[in-house]
Amino acid sequence: MPQATLRRPRRLALAAIAAATVAAFGLATPAAFAQAPIVIKFSHVVAADTPKGKGALRFKELAEERTKGRVKVELFPNSQLYKDKEEMEALQLGSVQMLAPSLAKFAPLGVKEFEVFDLPFIFKDDAAFRAVTTGPVGADLLKKLEPKGVQGLAYWDNGFHIMSANKPLHAVADFKGQKMRIQSSKVLDAQMRALGAIPQVMAFSELYQALQTGVVDGTEGVPSNFYTQKIYEVQKHMTVSNHGHLAYAVIANKKFWDGLPADIRTILEGAVKDSTTYANAIASTENATSMDRIKASGKVTVYTLTPAETNEWKKALMPVHKEMESRVGKDTVAAVYKAAGFVAPK
Ligand code: LMR
C-alpha cells in the first residue's frame with residue numbers, strides 16, 4: 001500500500017482522540033486552562049460579623065477583584081469547616097489554603113514562642129502590641145512557621161481580653177475554684193492557675209454550650225466574640241480587665257503559596273497588606289460597639305477594675321512571666337519586652 005494512504009487515516013484518528021479528550025474533560029484550549037480560577041479556601045472560627053470575619057471578607061474582595069477572577073476565595077466562618085485544632089491540621093495537609101488563628105493556638109504546631117503574646121499585662125495598649133508585630137520580632141516569629149509548612153503573612157489585631165463568669169470577678173480571690181475555658185496556650189493555663197482558677201482548654205465553637213450547661217463557669221474573651229457568640233446570654237458578669245491581648249496570624253499553606261504564579265502571589269500579598277490595614281483599623285471600634293450592645297442587652301453586669309484591683313491582678317500574674325520564660329524562650333520574652341516598652345509593675 002502507498003504511504004500516503006496510511007498517513008491520512010492516522011491523522012484523522014489522532015484528531016478524533018483529541019476531540020474526545022476535550023469533550024470528556026471540557027478543556028478546549030490552553031486559554032481555557034488559564035481561566036480555571038485558583039481556589040483559596042479560607043477557614044476561621046469566629047462569626048463573619050467580627051473584625052476577623054470582616055478582614056477575611058475584605059481580603060476575598062480585593063483578591064478576586066485585583067486578579068480579575070483568576071483567584072476565587074471561599075470563606076468558611078464560624079468553624080463551619082473545622083474547629084481550632086482541626087483547622088491547623090487541615091492547613092498543613094492542604095485541605096484549606098488560608099487561616100487566621102489566634103496567636104494562642106500556635107504551640108501545638110511546635111512553635112511555642114507564639115505564647116509570648118499571651119503573657120498577662122505584657123502590652124499596655126494596642127500601640128505596644130503593634131510595635132512588636134510590625135518590627136523584626138514579629139517577622140522572626142512568622143519565619144519560625146516555615147519549617148512547619150506554614151507561610152506567615154500578617155498579624156491582625158483584636159484588642160484586649162475581658163473576663164466573664166456567673167459571679168463578679170473583682171478581686172483575685174473571686175477566681176478560686178472557677179472553671180475557666182481557655183485557648184490551647186500553656187501561658188493562659190498558667191495565668192488561670194495563678195489566679196486560683198481551674199483552666200480548661202476547649203475549642204471556641206464549643207464555648208457557648210459549655211457555659212450554658214455549666215461544663216465551665218467562665219472564660220476570657222473579647223467583646224466582639226462575646227457579642228457575636230451570644231456569650232452574654234449564658235454569663236451573668238463581665239469584668240473589663242485588659243489583662244490579656246487577642247490577635248491573629250494570617251497564614252497560608254506554604255507549598256500552595258510558593259507554587260502560585262509569581263504575578264498572582266504579588267497581587268495576593270498586596271491584598272493581605274490592605275486587608276490587614278482594614279482589619280486593624282476596625283478592631284477597636286468593632287469591640288467598643290459590641291461592648292455597648294452587650295451592656296444594652298441588660299443580661300449581664302459589666303464591671304471595670306479599679307486601679308487598685310488591677311494592681312492586685314498584676315501582682316498575682318507577674319510570676320507567670322518568669323514561670324513561662326523557659327517554655328516561650330528567654331530571648332523571645334526579652335525581645336518582646338523591649339519592642340513593647342514593657343515595664344514590670346512595682
Ligand atoms: C478563642 O478561641 O477564644 C479565639 O481565638 C477565637 C478567635 O479566633 O477570635
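A residue is called buried at under 20% relative accessible area, exposed at over 50%, and partly exposed in between, using a 1.4 Å probe and protein chains only. With that in hand, welcome to the structure: this is a predicted model, in which local features need pLDDT of at least 70, side-chain atom pairs count only at pLDDT 80 or more, and totals for chains, interfaces and linings use all residues. Residues are numbered from 1 along each chain as its sequence is written, and side-chain values use heavy atoms, with hydrogens and water left out.

**The chain as a whole**

- Of the chain's 346 residues, 48% count as buried.
- Along the principal axes, the C-alpha atoms fill a box of roughly 105 × 45 × 30 Å.
- The chain has 14 helices and eleven strands; these are DSSP runs numbered from the N terminus, with helices (H or I) of at least four residues and strands (E) of at least two.

**Helices that pack together**

- For the angles below, axes are lines fitted to C-alpha atoms, for helices over the stretch in contact, and angles run from 0 to 180 degrees between N-to-C directions.
- Angles under 35 degrees count as roughly parallel, over 145 as roughly antiparallel, 65 to 115 as roughly perpendicular, and the rest as oblique.
- A crossing is left-handed if the near helix is turned anticlockwise from the far one by less than a right angle, and right-handed if clockwise.
- Helix H3 (residues 51–66) packs with helix H11 (residues 262–297) at an angle of about 150°, their axes 8 Å apart. H3 and H11 are therefore roughly antiparallel, and their crossing is right-handed.
- The residues in the contact of H3 with H11 comprise twelve nonpolar, four polar and five charged. Here nonpolar covers Ala, Val, Leu, Ile, Met, Phe, Trp, Tyr, Cys and Pro, charged covers Asp, Glu, Lys and Arg, and polar covers the others, Gly among them.
- Helix H7 (residues 186–194) and helix H13 (residues 319–328) have axes that come within 10 Å and cross at roughly 160°. That makes H7 roughly antiparallel to H13, with a right-handed crossing.
- H5 and helix H14 (residues 330–340) pack at about 125°, with 8 Å between their axes. H5 and H14 are therefore oblique to each other, and their crossing is right-handed.

**Aromatic rings**

- Ten aromatic pairs turn up in a search of the whole structure. Rings of Phe, Tyr and Trp (its six-membered ring) pair if their centres lie within 6.5 Å; planes under 30 degrees apart count as stacked, over 60 as edge-to-face and the rest as tilted.
- The ring centres of Phe117 and Tyr155 are 6.0 Å apart and the ring planes stand at 50°, so this pair is tilted. It links distant parts of the chain, 38 residues apart: Phe117 lies in the loop between strand E3 (98–99) and helix H5 (126–133), and Tyr155 in strand E4 (residues 150–160).
- Both Phe117 and Tyr155 are buried.
- Tyr337 and Phe342 make a stacked pair, with 4.3 Å centre to centre and 25° between the planes. Tyr337 is partly exposed, at a relative accessible area of 24%, whereas Phe342 is buried, at 15%.
- One aromatic cluster is formed by Phe106, Phe114, Phe117, Phe123, Phe129 and Tyr155.

**Charges over rings**

- A charge sits over a ring if NZ of Lys or CZ of Arg is within 6 Å of the ring centre and within 35 degrees of the ring normal.
- Arg58 places its charged end over the ring of Tyr278, 3.9 Å from the ring centre.
- Lys314 has its charged end over the ring of Phe121, 5.3 Å from the ring centre.

**Individual residues to look up**

- Phe121 lies in the loop between E3 and H5 and counts as buried, at 12% relative accessibility. Its phi is near 55°, a positive value in a residue other than glycine.
- Lys230 is in the loop between helix H9 (223–228) and strand E9 (237–240). Although Lys230 is not a glycine, its phi is positive, about 60°; at 39% relative accessibility, Lys230 counts as partly exposed.
- Arg327 belongs to helix H13 and is partly exposed, with a relative accessible area of 27%. Between Arg327 and Lys112 there are 6.8 Å in space, C-alpha to C-alpha, while the two are 215 residues apart in sequence.
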